[in-house]
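Please consult the sequence and the structure while reading.

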Amino acid sequence: MLRMVYNLLLFIIIFFIIWICLIKILYRNNQCLYIRSSPSRFNQSSSNLSMIDTRLKLHHFTILGTHNSYHKASLFYQYKHSNLENQLTYGIRQIELDIHLMSDNHVVYHLQIFDDKTNPYCLSHCFERILKWSERNSYHYPIYLFIEIKQMFYEDLFTGLNGGVKCKHFHTIQEQILQVFSIDSLILSEQIRGNRSSINLALKNQRQNELNGDFTYENYGWPPLYLSRGKIMPIFIDDVHRIVDKLISTCQPLSNFFFIAQTNSNLDYASIISISNPLENQYLMIENTNNGHLIRILLGYNGKQLIENYNQAKKYGVHIISTDSVQCNDTELCQSIANDFKRTSSILCNTVVAPHFCNTTLLIL
């Protein structure tokens with residue numbers, strides 16, 4: 001019996017050592033340094049903006065996004081996306097990147113060893129591609145840039161062993177964003193809070209004004225679309241690990257820079273709410289749209305009742321529909337998405353909160 005235990009422990013130790021060695025060999029970031037040849041400056045000309053009704057704001061629309069937007073097919077996960085530029089050209093306005101922390105210049109892929117095929121690999125190169133597309137299409141609907149930090153041991157061994165995600169990691173990600181994007185090209189959480197005590201309160205106040213027929217922008221809440229064109233919104237996904245609540249009071253990037261996508265609508269920083277199953281969460285969707293929150297759902301690879309969840313999401317006013325089923329024609333979901341988002345526009349007026357004067361036909365998207 002003791003010998004069996006000894007052999008098992010020896011196997012675990014050897015396996016662990018091999019795992020560490022593989023990670024050290026496979027995942028490097030020496031090619032990830034981003035050098036900006038000239039400062040990126042945000043220039044939003046007033047031309048072509050007068051056609052947009054100044055009362056229309058970001059929560060009045062529904063956009064299409066991709067889940068794990070960098071992903072290439074692997075043995076275990078067969079779905080794949082085209083490169084980021086092609087997705088944006090297709091009409092995608094929400095990108096999701098999974099970050100693996102390095103000492104500097106973080107990298108992007110799904111899971112170590114088992115699902116690490118990606119395009120591109122370097123986080124800074126992802127930002128660079130988005131920037132170049134944005135500069136070529138300067139009047140585009142704002143891009144929601146979702147990021148998730150992989151931290152479980154099976155996702156990223158060293159992050160787990162080093163105590164998980166800390167505030168310093170958000171500082172480094174913020175720095176990498178600002179190395180590529182100018183500060184005035186970003187929509188930041190502090191701008192949504194404005195002069196209110198919290199983002200949540202600002203959004204509730206804005207929505208209440210709208211329900212009373214007042215669509216004036218008061219420098220808090222979701223900004224008007226005409227002021228948001230060509231911009232990027234950085235968003236941290238915290239709907240699984242829920243670490244932000246412990247960090248936000250002392251972590252400036254979390255309180256003033258990143259939006260937080262999570263599941264609790266009662267938090268002071270609640271702004272983007274993740275709904276996993278629209279078929280079971282009608283009440284939550286109604287409550288959050290009435291409170292001015294953006295709602296995001298994920299229709300993931302090989303999920304159940306995808307078309308039913310998609311139809312429910314549209315019916316109840318979901319703002320961000322994230323899916324692995326775009327640029328394809330082999331499923332009912334793909335065909336429905338193509339019909340809905342390409343029939344007239346890649347951006348739709350939200351079915352619940354959009355005012356009667358919402359119109360996307362004049363937008364350059």
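Q: Why is Cys 126 called buried?
A: A residue is buried when its relative accessible area is under 20%, exposed when over 50%, and partly exposed in between, with a 1.4 Å probe and protein chains only. Cys 126 has 0% relative accessibility, so Cys 126 counts as buried. The model is a predicted one, in which local features need pLDDT of at least 70, side-chain atom pairs count only at pLDDT 80 or more, and totals for chains, interfaces and linings use all residues. Residues are numbered from 1 along each chain as its sequence is written, and side-chain values use heavy atoms, with hydrogens and water left out.

Q: What makes Cys 32 and Cys 122 a disulfide?
A: Their sulfur atoms are 2.1 Å apart, and a disulfide joins the two residues. The angle about the S-S bond is -75°, and the link is left-handed. Cys 32 lies in the loop between α1 (2-26) and β1 (61-66), and Cys 122 in the loop between β3 (107-108) and α3 (123-136), so the pair ties together parts that are 90 residues apart in sequence. Here helices (H or I, at least four residues) and strands (E, at least two) are DSSP runs, numbered from the N terminus.

Q: How do you know whether Cys 32 is buried or exposed?
A: The relative accessible area of Cys 32 is 0%, so Cys 32 is buried. Cys 122, with a relative accessible area of 3%, is buried as well.

Q: What makes Cys 167 and Cys 251 a disulfide?
A: The S to S distance is 2.2 Å, and a disulfide joins the two. The pair links distant parts of the chain, with Cys 167 in helix α5 (residues 167-180) and Cys 251 in the loop between α8 (244-247) and α9 (252-257), 84 residues apart. With 90° about the S-S bond, this link is right-handed.

Q: Why is Cys 349 called partly exposed?
A: Its relative accessible area is 26%, so Cys 349 is partly exposed. Cys 358, to which a disulfide joins Cys 349, has 14% relative accessibility and therefore counts as buried.

Q: How many disulfides does the rule give?
A: The count comes to 3 disulfides.

Definitions and conventions. A disulfide is a pair of cysteine sulfur atoms within 2.5 Å.
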